[in-house]
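The sequence and structure are shown below.

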Amino acid sequence: PCPPGRFAAGSSSVTCSSCQPGFYQTNESQVACIAAQAGYYVADEEATEEMPCPPGRFAAGSSSVTCSSCQPGFYQTNESQVACIAAQAGYYVADEEATEEMPCPPG
């Protein structure tokens, strides 16, 4: 049987193939890999789990290999998110990968 992180494409297949980045497989003896869900990523071949995007980063779609950074003006406080949050009026976000918005100084 193929170990986790690998799969056999058909029941008559005698070789195991690696799950590619963006996909994983937690169980042995499977016929396919599982796409990382939105908000998660899989960076390496033969992965056995998907990883959550950390705060300040996101993955909008499935089968992501990396997470995208929140750009200035946007932030994300939680992990496993599909988008960043725009700073509200009276607040700002100066840096990439921000995890919070900051209040504008008086004046």
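Does G22 count as buried or exposed? G22 counts as buried because its relative accessibility is 0%, where buried means under 20% relative accessible area, exposed over 50% and partly exposed in between, with a 1.4 Å probe and protein chains only.

The model is predicted, so local features need pLDDT of at least 70 and side-chain atom pairs count only at pLDDT 80 or more, while totals for chains, interfaces and linings use all residues. Residues are numbered from 1 along each chain as its sequence is written, and side-chain values use heavy atoms, with hydrogens and water left out.

**Surroundings of G22**

G22 is placed in the loop between β2 (17-18) and β3 (23-24); strands are DSSP runs of E of at least two residues, and helices runs of H or I of at least four, numbered from the N terminus. Leaving aside residues up to four places away in sequence, G22 touches I34, A35, A36, V42, S63, S64 and V65, a contact being heavy atoms within 4.5 Å. From G22 to G107 the separation is 85 residues in sequence and 47 Å in space, C-alpha to C-alpha.

**Disulfides**

A search of the whole structure finds four disulfides, each defined as a pair of cysteine sulfur atoms within 2.5 Å. With the bonded cysteines of the chain numbered in sequence order, the pairing reads 1-2, 3-4, 5-6, 7-8.

| Pair | S to S distance | S-S torsion |
|---|---|---|
| C2 and C16 | 2.1 Å | -100°, left-handed |
| C19 and C33 | 2.0 Å | about -85°, left-handed |
| C53 and C67 | 2.1 Å | -90°, left-handed |

The disulfide of C2 and C16 has its sulfur atoms 2.1 Å apart. This pair links distant parts of the chain, 14 residues apart, with C2 in the segment before β1 (6-7) and C16 in the loop between β1 and β2. C2 is buried at 5% relative accessibility, whereas C16 is partly exposed at 26%.

The sulfur atoms of C19 and C33 are 2.0 Å apart. Because C19 lies in the loop between β2 and β3 and C33 in the loop between β3 and β4 (34-35), the pair ties together parts 14 residues apart in sequence. C19 is buried, with a relative accessible area of 0%.

A disulfide also joins C53 to C67. C53 lies in the loop between β6 (51-52) and β7 (57-58) and C67 in the loop between β7 and β8 (68-69), so parts 14 residues apart in sequence are tied together. Both cysteines, C53 and C67, are buried.
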